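Student: I have a chain open in the viewer and would like to go through its fold. Can we take it piece by piece?

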Amino acid sequence: MSALLETYAAFPFVLDHGRGDRVYDEDGSEYLDWYGGHCVTATGHSHPRVVAAIAEQAGRLLFYSAAARLRIREQAANALMSFVAGSGMSRVFFCNSGAEANENALKLAIKQTGRSGLLSFDGGWHGRTTLALAVTDDPKITDPYASVLPQSQRLPFADLAALERFDFSTVAAVIVEPIQSMSGIRCASPAWFARLRELTAAAGTWLIFDEIQTGVGRLGTPTAAEFHGVRPDALTLAKGLASGVPVGATLLSAERAAAVQSGDLGSTFGGGPLAMAALVATLQVIQEEELASHARDIGARLKQSLPGSAVTSVLGEGLLLGLRTAGPAAALKRHLFERRLLVGGSSDPQVLRLMPCLNVSEDAISALELAISQFQG
Ligand SMILES: Cc1ncc(COP(=O)(O)O)c(C=O)c1O
């Protein structure tokens with residue numbers, strides 16, 4: 001027993017170290033990590049270039065808050081805005097987590113529009129801080145706080161008719177995961193996203209893309225906004241952005257950024273030099289090793305190779321994939337674990353999630369294909 005508060009059902013081993021697409025427990029057993037540390041290890045575990053950048057920065061300056069201008073922070077902001085150039089974003093505010101990135105976007109939308117309503121979608125998951133929780137569809141974690149959470153409304157996801165019926169001028173912001181991950185890798189059509197953009201723009205309502213899972217090359221493009229050809233008002237990133245060093249980012253369009261006033265946002269640790277160095281190195285690795293196109297190609301291959309008797313279809317894009325299982329997903333998850341393959345569950349009892357590093361290797365891919373073909377569910 002340790003003094004740790006147990007809040008999560010962890011893998012039944014103690015993890016010791018990791019390299020690339022695999023991790024090793026204390027006994028030296030190797031696991032192929034199709035879970036990616038919960039969609040975080042974009043460049044793989046402990047990529048040498050990321051590790052070197054962190055070590056170099058730690059020796060130079062471990063921390064200074066936004067009270068000081070730092071070249072590495074400015075370099076990170078510029079590198080990120082150039083990486084996501086196709087999404088129409090213009091400025092970035094750095095924080096520490098995905099929930100905080102969403103909280104910031106929702107706060108700014110409320111302040112700038114002067115409205116209080118928020119809209120999200122059935123099955124959406126946006127984090128555990130107050131505004132993020134208010135727009136999250138997960139009764140287990142929202143119900144205990146229902147009496148104090150801000151009011152928000154919800155529409156069915158990917159339902160064009162529901163969009164047409166809604167009066168968007170009543171809400172400050174609409175927040176959406178371009179692919180709903182936790183609820184089982186649920187996608188919407190390009191036409192749905194285009195109409196959502198038209199209706200929100202016409203009503204002066206913020207459209208916030210929560211790209212905490214879909215961003216940073218995972219779908220085969222730098223962002224899902226670019227994938228869908230939609231330019232949101234705000235776009236949020238976290239998870240893979242610094243390969244595992246905590247960082248969140250709230251990106252804004254030029255128009256929305258221009259209305260931000262001094263003091264609107266703040267964070268002691270946000271934009272800290274260690275995270276910024278890891279972020280710059282992460283984006284360099286993704287670009288130089290062409291990891292986004294690798295993610296796209298592997299996703300396309302798995303959509304062909306995995307369906308069979310155990311997996312009826314493969315959902316999602318790039319390396320944010322859902323395996324729809326013929327029987328209970330938990331049985332396939334157990335089978336894969338016994339073969340030392342780590343995958344994620346979802347709130348859909350018939351969907352497993354794959355969200356590995358973007359440089360997942362041929363070895364790991366063929367091991368997954370073989371293990372799934374051997375399942376006798
Ligand atoms: C789509 C999405 N948004 C927001 C969050 C919250 O991010 P964090 O846990 O870094 O606060 C998550 C976390 O899983 C997520 O998947």
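Tutor: We can start with the whole chain, then take a helix, the sheets and another helix.

Student: Fine. What kind of model is this?

Tutor: This is a predicted model.

Student: How many helices and strands does the secondary structure come to?

Tutor: The chain has 14 helices and 16 strands. Its radius of gyration is 20 Å, close to the 21 Å that the globule rule gives for 377 residues, so the chain is as compact as a globular protein of that length.

Student: And what does the C-alpha trace span along the principal axes?

Tutor: About 55 × 55 × 45 Å.

Student: What share of the residues is buried?

Tutor: Buried residues are 50% of the 377 in the chain. On contacts, 73% of those with a separation of 6 or more are between residues 24 or more positions apart.

Student: Helices next. What span should α2 have, and what does the model give?

Tutor: Helix α2 covers residues 48-60, which is 13 residues. At 1.5 Å a residue that should span 18 Å, and the end C-alpha atoms are 18 Å apart, so the two agree.

Student: Which residues of α2 are buried?

Tutor: V50, A53, I54 and Q57. Those four cover an arc of only 100 degrees around the axis, which puts them on the same side of α2.

Student: What about the other side, buried or exposed?

Tutor: Exposed: P48, A52, A55, E56 and G59 are on that side of α2.

Student: So what covers the buried residues of α2?

Tutor: The cover includes α3 (71-83) and α11 (273-288).

Student: Let's stay with α11, then. How far does it reach?

Tutor: From its first C-alpha to its last, α11 reaches 22 Å. With 16 residues, that is close to the 22 Å expected at 1.5 Å a residue.

Student: How many of the residues in α11 are buried?

Tutor: 13 of its 16 residues, so to speak a mostly covered helix. After α11 comes E290, which has a positive phi near 50 degrees.

Student: Change of topic: sheets. What holds strands together in general?

Tutor: Strands of a sheet pair through backbone hydrogen bonds, in either a parallel or an antiparallel sense.

Student: Which strands make up the sheet of seven, and in what order?

Tutor: The order is β4-β12-β11-β10-β7-β5-β6, in an open sheet with mixed pairing. At the edges stand β4 (91-95) and β6 (153-155), each with a single partner strand, so one side of each has no neighbour in the sheet. On average, neighbouring strands of this sheet are turned by 20 degrees against each other, direction ignored.

Student: How do β10 and β11 run, parallel or antiparallel?

Tutor: Parallel, with three bridges between β10 (residues 206-210) and β11 (residues 234-237). I208 has A234 in β11 as its bridge partner.

Student: And the sheet of three strands, what is its order?

Tutor: That open sheet runs β13-β14-β16, with antiparallel pairing. Its edge strands are β13 (311-317) and β16 (351-354), each pairing on one side only. The twist from one strand to the next averages 25 degrees.

Student: How many bridges does β14 make with β16?

Tutor: Four bridges join β14 (residues 320-325) to β16. L323 has L352 as its bridge partner in β16, and L321 has L354.

Student: And β14 with β13?

Tutor: Six bridges, in the antiparallel sense. Here L315 has G322 in β14 as its bridge partner. The hairpin of β13 and β14 has two residues between the strands, and G318 takes a positive phi near 55 degrees.

Student: How many residues of β14 are buried?

Tutor: Five of its six, which makes β14 mostly covered.

Student: Last one. Where is the turn glycine in the hairpin of β2 and β3?

Tutor: At G28, with a positive phi of about 90 degrees; four residues lie between the two strands. Three bridges join β2 (residues 22-25) to β3 (residues 30-33) in an antiparallel arrangement, and R22 has L32 in β3 as its bridge partner.

Student: What joins β3 to β15?

Tutor: Two bridges, with β3 and β15 (residues 341-342) running parallel. D33 stands opposite L342 in β15.

Conventions. Residues are numbered from 1 along each chain as its sequence is written. This is a predicted model: local features need pLDDT of at least 70, side-chain atom pairs count only at pLDDT 80 or more; totals for chains, interfaces and linings use all residues. The radius of gyration is taken over C-alpha atoms; the globule rule is 2.2 Å times the number of residues to the power 0.38. A residue is buried if 20 or more other C-beta atoms lie within 10 Å of its own, exposed if 12 or fewer, and partly exposed in between; C-beta atoms are placed from the backbone. Two residues are in contact if their C-beta atoms, placed from the backbone, lie within 7 Å. The expected span of a helix is 1.5 Å times one less than its number of residues. The arc is that of the directions from the helix axis to the C-beta atoms. Two strands pair if DSSP finds at least two bridges between them. Axes are lines fitted to C-alpha atoms, for helices over the stretch in contact, and angles run from 0 to 180 degrees between N-to-C directions.
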